[in-house]
Amino acid sequence: MITDAKKEFIEFMMESDVLRFGDFVTKSGRNTPYFVNTGNYRTGKQIATLGKFYAALVKEAVGEGFDCMFGPAYKGIPLAAGCAAALYNEYDIDKPYFFNRKEEKDHGEGGSLVGYKPQNGDRVIIIEDVITAGTAIRETMPILTGAADVEVKDMFISVNRCEVGKTPGKTAIMEVGEDFGIKVHAIVTVADIYEYLKASGKYDDMIPKMEEYMERYCILN
């Protein structure tokens, strides 16, 4: 049964034109009837609201049990900033955040990281949008481990697509857990979105498309 909080988040994504329905192709080349583009958040109200959803999930999952948060360029940057602000405003948890540049800067302070400079022993959480095939996390981990001897055990995303990764029978999130020891926490899953569509009664044309997609690509536990 979908919770009120999850329903609220799904409607928020739809109102923000972040969650769309139609015919799309993901970065991994799979056809999908829905698409999540966090790059469409574009107002102060939207990023403040989004930050609250992420902050609530972080508070519930790890509390204050981390030292800093990382937002991978580019979409993870406003997500990490919004989450950091909301953690402070909502829960009085004041933690630093940082992000990376796509191209390393060769002048001024130099380097590829902006914001907080991670230290040896830091417990880093990653704030990201979605995981489809797990490609982004494989690009992110060398950045973090190359900066300092850090510990990364938790990652927070908007939507768990529950899609099979590179290994048959395993989702990308399962692979991330096995390969890096990272637990991925999602505000909602594809199953939540499907249940929302069914309950609303307004998207009957999308139901069979979602079912076909989930049957073909998803592992639901």
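**Close-up views of a predicted model**

View 1. At 9% relative accessibility, C162 counts as buried (buried means under 20% relative accessible area, exposed over 50% and partly exposed in between, with a 1.4 Å probe and protein chains only). This is a predicted model, in which local features need pLDDT of at least 70 and side-chain atom pairs count only at pLDDT 80 or more, while totals for chains, interfaces and linings use all residues. Residues are numbered from 1 along each chain as its sequence is written, and side-chain values use heavy atoms, with hydrogens and water left out. You will find C162 in the loop between strand 8 (151-160) and helix 5 (172-180). Helices (H or I, at least four residues) and strands (E, at least two) are DSSP runs, numbered from the N terminus. The phi of C162 is near 60°, a positive value in a residue other than glycine.

**View 2. D92 is an exposed loop residue.** Now look at the loop between helix 3 and strand 4 (97-105), where D92 is found. D92 has a relative accessible area of 58%, so it is exposed. Its phi is near 55°, again positive in a residue other than glycine.

**View 3. A cis peptide bond joins A73 and Y74.** The omega of this bond is about 0°. Y74 lies in the loop between strand 3 (68-71) and helix 3 (76-91).

**View 4. Strand 1 and strand 2 form a hairpin.** Strand 1 (residues 19-25) and strand 2 (residues 31-36) pair in the antiparallel sense over five bridges; two strands pair if DSSP finds at least two bridges between them. Across the pair, F24 stands opposite T32 in strand 2. Five residues sit between the strands, and G29 takes a positive phi near 85° in this hairpin.

**View 5. Helix 2 has buried residues.** With 18 residues, helix 2 (residues 44-61) reaches 26 Å from its first C-alpha to its last, close to the 26 Å expected at 1.5 Å a residue (the expected span is 1.5 Å times one less than the number of residues). Among its buried residues are L50, F53, Y54 and L57. What covers the buried residues includes helix 1 (4-15), helix 3 and strand 6 (123-127). Just after helix 2, G63 takes a positive phi of about 60°.

**View 6. Helix 4 has buried residues too.** In helix 4 (residues 135-147), the buried residues are I137, T140, M141 and L144. Seen down the axis of helix 4, they fall within an arc of 110° (taken from the directions from the helix axis to the C-beta atoms), so they line one face of the helix.

Conventions:
Contact = heavy atoms within 4.5 Å.
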